[in-house]
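Please keep the sequence and the model in view while reading.

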Amino acid sequence: MTWQPMTGPPERRVLILGNSHIAAVKAAYGSAPDRWPGLAVQFAGGHGDALAALQVQGGRLVPQTEAARDNLQLLNRREAWSLADYDAFVVVGCEVGIYRALVPYRSARFLGLSPGAAAAVPVSRAMFDLAVRDQVTQSLGGALALRILAGVQVGGQMAQVMLAEQPRPSFDCRRNRRRFTGLLRAHRLGDGAVLAEVFEAAARAALPGITWLAQPEDTRHGGVFTQPRYSVGSVRLMPGNRRVAHSEDDFIHANAEYGALVLDQIAAAVP
Amino acid sequence: MSHPYSDLPPEAFWRSGVAETDPAALTALYVPKVRIGPQTRIATAGSCFAQHIGRALRGAGVAVLDAEPAPVALPDEAARAFGYGLFSGRYGNIYTVRQLVQLLRDVQSGDVSEAFVWEKDGRFYDALRPGVEPLGMDSPEEVLFLRRAHLKALGKMLAEAEVFVFTLGLTEAWIDQPTGRVFQTCPGVIAGQFDPECHVFHNFTLPELRADLELAFGLLRSFRKRMRMILTVSPVPLTATASGGHVIPATMHSKALLRVAAGEFAAAHADVDYFPSYELVTNPAARGRFFEANQRTVTAEAVQMVMAAFLGAQGLVEAVSIPAMASAEPGKDAEDDGLICEDLLLDVFRQ
């Protein structure tokens, strides 16, 4: 691996890992790497849950399954990363998003949420929080970030571990009500802001030692959605720098404009 | 010459029934009067030991009711800490018969009161079941919101229950003098503040226990006309006594009263049965082997033996395995037997 020569302040070496949601960040960086002069960024993308197979072994992130190895090779032309090579690790997306709060919301409600369906069982907010926390810890991204943090700590490194929230679905998802029933319902009942607050607090609590990068404030809509302009033109996670657009009815991925804001957050957070 | 002892079976004699028998294989201790089958809808409640009973019944495929299953996915340990899956409702441990009477009356009336909300460090607790929300609640309103839902859920469950299995645990309790309300734990232990002017110690007497059992049975039958009852006494000794004496005589006093009250009550009612958990674990032939090193925690072997005796007598299974409630592993705290027991908190105050 070669790093750019240092001409100013030392660049911070950052490894950004993620599933399909990493494509927005990758596209932003590929379009204008000079916008973040303090960062030297590498990407480790994996389709689906390929990153679930990434474990720390001997100070390196190494896939544990053949399928994950093949996918990482295809997308990144490499399959392992040494923890010592980076000043910061950022997990992007990987299921750590507002849906983690939607899971308990389907069956339970606490005082402060709308009464909702009769089938929703009253629970304490503390227990609801705990359920969301557990969802975050068990998620692909939460578990990966915690594994990396543990590896960094075992190696005695000072590297920072961050997790950038998976963008909330575009508000245009109301064009597909069937698929986004839960979120649209929460929005309609006025529960969006409370759910977002619960989710963010739970994510922070579930990931001690990990810097939480919440969805940039200006990109949000109604608590649980993203403003459509940050979703239009999103691209798929592809090998190298290939750009293939998502279909118009993809409402869950963000675009490069959004990705640039995430890179701004990373640049501001890296020590 | 013939006399009443000449035709008695072997179990009627100490030598053949006990001294010459493996204490883990005592027979004929329990001949069920109240029969249950796999389809019988059962509700369970009581002290910590009752958690073993509910789990064993579920393990044997018996239809144990659960009025309040965990509505969200939580790890098992967390769900249990929040009072889910321990009994047929999220009432936590019901140590005294008076507590049961009080709860059943609350279910009937649906009444909740802010007077029974405890505070600790800015968090709020249901004084009548403070252990079921270990992190506390945000406000007194949230406590009452959840208590209303709890009582409503119990009402539906009790209307379905065919047999109510109740494990009697303690006679000692703390009472709120102005209202007569009995607490699950002494105020100040989990939350709230102990007030010597209001909070008085009470050791229930035999007549009180008998009267409370009558009340409880009547209340249960107000939810379902032909509900039957199985009583048992927890073999677990007291963690601490506030009676002023040594904990051993205090334990013996409590257990003796509970045993007599349960036995007499069962004998007086065709639809009430008594199952001898207490005797199976504490009898002299066992030589204390059914207790862990702390002489209080009941061993996994004992739980298995007790439940096998119950289920076997009921014709439900030959034997039952209860791995999840296994007793402490070597090197692990012997108190950690997987049960949720608020009274263990009293041990913290030991000097």
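A polar contact is a pair of N or O atoms within 3.5 Å; within protein, one must be able to donate a hydrogen and the other to accept it, and residues adjacent in sequence count only if both atoms are side-chain atoms. The model is predicted: local features need pLDDT of at least 70 and side-chain atom pairs pLDDT 80 or more, whereas totals for chains, interfaces and linings use all residues. Residues are numbered from 1 along each chain as its sequence is written, chains are lettered from A and ligands numbered from 1 in the order written, and side-chain values use heavy atoms, without hydrogens and water.

Between chain B and chain A, three residue pairs are in polar contact, both residues at pLDDT 80 or more. Helix 5 of chain B (residues 140-160) gives five residues, the largest share of the side that touches chain A; helices (H or I, at least four residues) and strands (E, at least two) are DSSP runs numbered from the N terminus. In total, 19 residues of chain B contact 16 residues of chain A (heavy atoms within 4.5 Å).

Within chain A, strand 1 (residues 12-18) pairs with strand 2 in the parallel sense over seven bridges, pairing requiring at least two DSSP bridges. Val14(A) stands opposite Val41(A) of strand 2. In strand 2 (residues 39-45), seven of seven residues are buried, that is, under 20% relative accessible area (1.4 Å probe, protein chains only). Leu39(A), Val41(A), Phe43(A) and Gly45(A) point one way from this strand, and Ala40(A), Gln42(A) and Ala44(A) the other way.

Terms used:
Buried means under 20% relative accessible area, exposed over 50%, partly exposed in between (1.4 Å probe, protein chains only).
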